[in-house]
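Me: I'd like to learn how to read a model like this one. Could you take me through it step by step?

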Amino acid sequence: MSDSISYFGIDWLSKKDGPGKRVVLFLQGCPLDCAWCHSPHSQPQKSPLLYFESLCINCNRCMQVCPNSVHQFHNNLHTIDRTNCTQCGKCIEACPQSSSFKKGNALVLPTKTESIEEIYDQLEPQLELLSKDGGITFSGGEPLLQVDTLIKLAAKCKSNGFHTALETSGIVPLKSVQKIAPYIDTWLFGMRLTTGTPTISIETLYEKSLSAFQFLKTQKQSQVIVRIPSIYNHTDTPTYLKKLKQIIADHPKHLIDVLPANMEVNHYYTASGKTSNICYTDQQARTAYQSINECLNM
Amino acid sequence: MKNELTPRIATLREALMHKGFTNRSKEWFVKSELPNVGKMHPDKHVIVRRAIAIDEMLKALCDKKKHAHTHCFEIEDGSLLAGIIPMGSNGLGKVFPNYLTDEEIRVGSVTNKSQMAILGHNSINYENVLNKGIGSIIEFAQSKLDQKLLKGVEIAYDKQAFYEAVVISCKAVVNYANNFALLAKHEAAKCNSIERKAELLEMARICQKVPEHPAETFYEAVHSIWLVHCCLHSTMDYMSLGRLDQVLNPFLEKESNKEFACELIENFIIKAAGRLNLTTQYLVEQDHMDYNAALGIHPYYLDQRAGLNNFLQNIIIGGKKPSGEDATNGCTFLLLDAFRNVNLSTPGLYVRLHKNSPRKLINAVAHSIKTTKNLPYILNDEVMIPAMRDALSYGEKDHKKLKQFESLANDYCVDGCWEPILNGVSEWTFGMINGMTILECALNGGAALSANPELLRGQKLSIDTGKIESYKDLEEALKKQMQFFVDQSAFAMCMYYMTNEFVVPTPLVSALFESCLEKGIDKSWGGADYNIGGTILGGVPDMINTVAAIKHWVFDKKKYELPEVTAAMRYNFTAGDSGDVKTQRLFDSIKVDLFTNSPQFGNGQSTNSIAKHILDEFYQAVLSSKDLAHKVFLDPAGDTDPKIVAMRAVAGYYGEALQTIMPGFNLTFTAGLGTFEQYNWQGTGIAASAARNSGDPLAPNFTPTSGTWHTAPGQLLKTFHHLKLDRFAGGVITDMCLDTDVPVEQLIENFITHKGGMLTLTMASPQYQEIYEIAKASNNIEDKAMASEKLVKYADIMVRVGGWNAPFVSLPLPHMENYINRPVGEKN
Ligand code: SF4
Ligand code: SF4
């Protein structure tokens, strides 16, 4: 669908994704695979079937309807082998603990692809409520992977008077950033000078981040908030911090956000049947947070 | 804007809360200590007997001996107001002197009428009492009696008796006030504190003056209203308080000490809440409920426990003046501040808002809701005014009259619950119908989906509207069933007037209704200027969800046959002992589809067209009932038409048209959407449906069913826009329980612009679950007194229970459960 957007979630009221209170649309797909990513299901074009064990009542119905034997039960233990899953949704329809209408389900196929109109109609009533004290944030995944259609949605939101924010890593073609810039009021720039994985070289990450950031600094109509995840042994290393300082040296302090590490990082890995590549203790997370702050004199 | 309670108010509030947790059963009057007026004066007209009973009751309240257990004749330490309402409530009933004869009581068994009906559901416009005094009413009635022209039955009712009753009951009120004046004087004489002595003497002066004479100061005005309110609520007339900011503002403007004014209103609120029961430990001893119906001719069953702290008393602020200008004034803010400071579950406070209401008022309302977590409730003038205006104007062409209806609509208020009425000039009665019964009858040829095999197809309740083979058939059947049940309710309201209200005449209230007094016709005889009969449809969100699910799975997707779905609903998705595995599998599958895979009301656009359709059918059915009721029961032309006379006989009525008996009488029919507190009960006996097991509660009022609201509040507000709610003059109320940080100011504004009808907001408490656990344990094992002690610290948590607010600790367990699943927020 040319005028459609794939997304994997909506948060109806967030206070951490831009100024004020915001509706957040999480777009599907990401070119990166950061080791600390807490939504690994956002990375592929379509999320795998998610399974939240604590909500399952072991009723077997998913197994009965699945045409591809994805669900298995051995000694009452529900196991899932997604290899042959075609994402037909039959198991979700049969599951008494799952609904495509609400959050908090045992089984979820979170990725939805809908037209801009459909998405806007869903968002607008809540945006109207938050309009004076917030707005819409496009997050992800990497929302700029769908920049051509996202522009239309952002333009529609903006022309209806809603404040727009976009969260990006900047690791996308510069053109994508440039194209959508007129429709974005606040940039949440999630600086990725490392991803903790070898997929993209450190040099490329640096170059892309730098050029995207420098471009955004020229956009006088919008505000750029730099967001730095504090990940022990990754974003707190001296090399990382040195490069970071080079890029954001003269950026106003109040527009730099050091984000504490998410301690629930395993939640969606388990649900997607993956294992997380990263592990840190509470203490390590705190140390990383502190040292980044100290380094940036925050 | 004051936030702190003065020491006086803090002490009074604390004393009330303390009392609420004690055993209050001994405070009730005992019937045998009151005289039997029916036996004393069997030959007097019933309205006179009622007036004598009012007098006897008010005397008993001031009886020092009885005071020893009723505590009704004292002035609380520090209180600025004298007068105490005895125990009683909508849920627990009342004690009042008997005034019917034995034979009247026996005959009344046919229509479920007795003298113990708590009459409420109306409000007083206190303007006249304050400006002219009750003394002027006595004088007026006396002058009518002096003319000696009234004897005889001019229009079937005895005006002589009416005015006699007015004089007796109004004098009783004056005596009641004067008794408190004497008490205050007596207390002053004993008092050692100079300040308190002065206060008591001032109270003595005021009670000697008002309500008999006009009030001149703010203090006198408030005291006058309080004394009349006490008398009404002590004598079976649970009348609401009306638009007090409009009535009191001229007095407030003259009052230089605004802090005192606020303290006085806070004192008023605490006094009006004086009957609170915060522990459920001693309720059975306090059950004084009678069998009779207060409304219509059918027995009216209440969820008594849910209504135990409902006293049918609301105050309305803000809105528009009759002229259409904004009515917000200084007293609007004063009342809002006082309610916010005191934060009790009763009286209720409604604020009327419109698109030009001052921003300052909207901000103050939002601030109050955030502070109290639930006060005030909101009425949308943009919806309620046109709804009321159109209901009054139905069939009217006279330009002058239409103009008059416009100003009456601008001046609307709500009664002690939430039904819209006219300000002090209307009589309101209503009938409730259950939308899910209507839907079951549509699906099952006029029968309920009962699981009892003895009833074969199910209990037959209505006409057989045939087999359903297409969605169109379902729509058609629904339309006919809707008409049947609306007719039943609407015609019963006509019968209410036709049973000639010789059981519960209301001389005291009629004295305060200008038109009754002028005409010499009691309110219960149709003497009010406007008589409104509302049909209130409950369970609408459940109807919408169930129709949407059936449409989707049976008619669109064709996954099931309709009989399979109705069987699953009838048997609560359980094949039972005789059921085979295949049937159980089918039922399981249907249940999952009805619970989790169907669109649900309040979550976006997918159910809007079904919702609109159901509302359209309901509204049309009410209009159609009005037309037929007019032809058969109201229009004098029917008196000479054999066909109409025959039809009246079919309804069990053999008399003349209502407009023959009461010239000028009209019955305005209104349609409303809601359940009051009865959503739990209305679900009992109802088969399973979308997102509901058999017997589970229905949706509270016009709110998404508990646990089915998954999106953001904005979605529901937008839904209202599509439903054209500005035709539901019987009221349409939504009770939102929010667990989200949405800006309340904006939510209110959007509610106004998207044309929602009425709104209550409860900010969810994280403590619902723990209170429930304590209350549940006390039902089973724990010592009840110990549980009660544990609950004291939660006494300030209030929630909306359909028609009113109630302390969460006093709720029945099913209502608590309902609340635990209700909150809507980011976590949904
Ligand atoms: S989505 Fe379809 S293929 Fe995948 S597990 Fe569920 S039923 Fe099987
Ligand atoms: S159908 Fe749902 S609840 Fe039942 S076993 Fe499968 S995932 Fe668990």
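**Where the chains meet**

Reply: Let's start with the interface: 27 residues of chain A are in contact with 31 residues of chain B, contact meaning heavy atoms within 4.5 Å. Keep in mind that this is a predicted model, where local features need pLDDT of at least 70, side-chain atom pairs count only at pLDDT 80 or more, and totals for chains, interfaces and linings use all residues. Residues are numbered from 1 along each chain as its sequence is written, chains are lettered from A and ligands numbered from 1 in the order in which they are written, and side-chain values use heavy atoms, with hydrogens and water left out.

Me: How much area do chain A and chain B bury between them?

Reply: Buried area is the accessible area (1.4 Å probe) that two parts lose on being put together, summed over both. Here that comes to about 2,400 Å², with 52% of it on carbon and sulfur atoms. On the chain A side, A:Glu93, A:Phe101 and A:Leu129 lose the most area to chain B, together 28% of what that side buries.

Me: How many salt bridges does the rule find across the interface of chain A and chain B?

Reply: The rule looks for a side-chain nitrogen of Lys or Arg within 4 Å of a carboxyl oxygen of Asp or Glu. It finds seven across this interface. One pairs B:Lys718 with A:Glu124, whose closest N and O atoms are 2.6 Å apart.

Me: Which element supplies the largest share of the side of chain A that touches chain B?

Reply: Helices (H or I, at least four residues) and strands (E, at least two) are DSSP runs, numbered from the N terminus. β1 (4-14), α1 (61-65), α2 (90-94) and α3 (116-130) of chain A each supply at least two residues of that side. The largest share, eight residues, comes from α3(A).

Me: Is B:Thr719 buried or exposed?

Reply: Buried means under 20% relative accessible area, exposed over 50%, partly exposed in between (1.4 Å probe, protein chains only). B:Thr719 counts as buried because its relative accessibility is 1%. This residue lies in helix α28 (residues 713-723) of chain B. Leaving aside residues up to four places away in sequence, B:Thr719 touches B:Phe601, B:Gly604 and B:Asn608.

Me: And which residues are closest to ligand 1?

Reply: A residue is near a molecule if one of its heavy atoms lies within 4 Å of it. By that rule 13 residues surround ligand 1, the closest being A:Cys66, A:Cys85, A:Cys88, A:Gly89 and A:Cys91. Around ligand 2 you'll find, among others, A:Cys56, A:Cys59, A:His78 and A:Cys95.
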